[in-house]
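Please read it alongside the sequence and the structure shown here.

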Amino acid sequence: MIGQIMAIMLGSFGIGAVLMVFAGFRVPPNVRRRRWLKFAGYLVIVTVVLGCAALGHSWLAGLVLLITAAGAWELQAAGARIREIRRTPVWPIWGIYTLLTLGLFTTVLTAATQTVAFLYLTVAAFDGFSEATGHLCGRR
C-alpha cells in the first residue's frame, strides 16, 4: 500500500516540477532557486517519512524522536529569546510540547503505518498547495 502511495507521490511531485518550470519564468533567478530548494526539501522529507512508514513502527518512532529533538532544540532557543524580551516563563510551552510529543509517539506506535502515512500526506499536501496558491495568487 505504501508503495502505491509512494508512486502517486512521486508522480505528483513530477507534475509539480513541470508546473514550477512554467511558474519560474515570471520570477527572478534568486527566487526561482529558493523555490527549487524548497521543492527539493519537500521531496526529500516526504520520501523519508514514507520510507520510514514502509519500514515499520520502529523506524517511524525513530524519525519522530529526531523530529521532536530538533523541535526541542528550537524551542529552547525560542524560550531563551522570550525570556530576554518579556521575562515570561516558558514552562507552559514545554508542558504543551511534551503532551503533543507523547500524543504523537502514542499515535505512531499504535496506529497502522498506513494511517500515519495518510495523515502526514494530508497535512503535507495542504501545506504544499497553500504555499503554491500563495505564490501564484499572493503579492509576495
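Contact here means heavy atoms within 4.5 Å. By that definition, and leaving aside neighbours within four places in sequence, Thr-113 is in contact with Ile-2, Ala-53, Gly-56, His-57 and Leu-60. This is a predicted model, in which local features need pLDDT of at least 70 and side-chain atom pairs count only at pLDDT 80 or more, while totals for chains, interfaces and linings use all residues. Residues are numbered from 1 along each chain as its sequence is written, and side-chain values use heavy atoms, with hydrogens and water left out.

- Thr-113 lies in helix α5, where helices (H or I, at least four residues) and strands (E, at least two) are DSSP runs numbered from the N terminus.
- Thr-113 counts as buried because its relative accessibility is 13%; buried means under 20% relative accessible area, exposed over 50%, and partly exposed in between (1.4 Å probe, protein chains only).
- Leu-60, not counting residues up to four places away in sequence, touches Thr-113 as well as Val-49, Cys-52, Ala-53, Val-108 and Val-116.

**Nonpolar core**

- A nonpolar core is a set of buried Ala, Val, Leu, Ile, Met, Phe, Trp, Tyr and Cys residues joined through side-chain atoms within 4.5 Å.
- The largest such core has 23 residues, of which Met-9, Val-46, Leu-50, Leu-60 and Val-108 touch the most other members.
- At least two residues of this core come from each of α1 (2-23), α2 (29-55), α3 (57-86) and α5 (113-137), and α1 gives the most, with 7 residues.

**Pockets**

- On a 1 Å grid over the protein atoms alone, a pocket is an open set of points where a 1.4 Å probe fits, with protein on both sides within 12 Å along at least five of seven lines, and lining residues have an atom within 4 Å of a point.
- The largest pocket has a volume of about 990 Å³, a volume being the space filled by probe spheres set on the grid points, which are joined across faces, edges and corners.
- Its lining consists of 28 residues, with Gly-16, Phe-39, Gly-128, Phe-129 and Ala-132 lying nearest the centre, and the elements that give two or more residues to this lining are α1, α2 and α5.
- By class, the lining of the largest pocket has 18 nonpolar, 6 polar and 4 charged residues, where Ala, Val, Leu, Ile, Met, Phe, Trp, Tyr, Cys and Pro count as nonpolar, Asp, Glu, Lys and Arg as charged, and the others, Gly among them, as polar.
- The second largest pocket holds about 370 Å³ of space and is lined by 15 residues, of which Val-49, Ile-67, Leu-104, Val-116 and Tyr-120 lie nearest its centre.
- To the lining of the second largest pocket, α2, α3, α4 (91-110) and α5 each supply at least two residues, the largest share, 6 residues, coming from α5.
- The lining of the second largest pocket divides into 13 nonpolar residues, 1 polar and 1 charged.

**Aromatic pairs**

- The structure holds 3 aromatic pairs; rings of Phe, Tyr and Trp (its six-membered ring) pair if their centres lie within 6.5 Å, and planes under 30 degrees apart count as stacked, over 60 as edge-to-face and the rest as tilted.
- The rings of Phe-13 and Phe-39 have centres 5.4 Å apart and planes at 70°, so this pair is edge-to-face.
- Because Phe-13 lies in helix α1 and Phe-39 in helix α2, the pair ties together parts that are 26 residues apart in sequence.
- Trp-36 and Phe-39 also form an edge-to-face pair, at 5.4 Å centre to centre with 75° between the planes, and these two residues of helix α2, 3 residues apart, are separated by about one helical turn.
- Trp-36 counts as partly exposed at 30% relative accessibility, whereas Phe-39 counts as buried at 15%.
- Ring pairs link Phe-13, Trp-36 and Phe-39 into a cluster.
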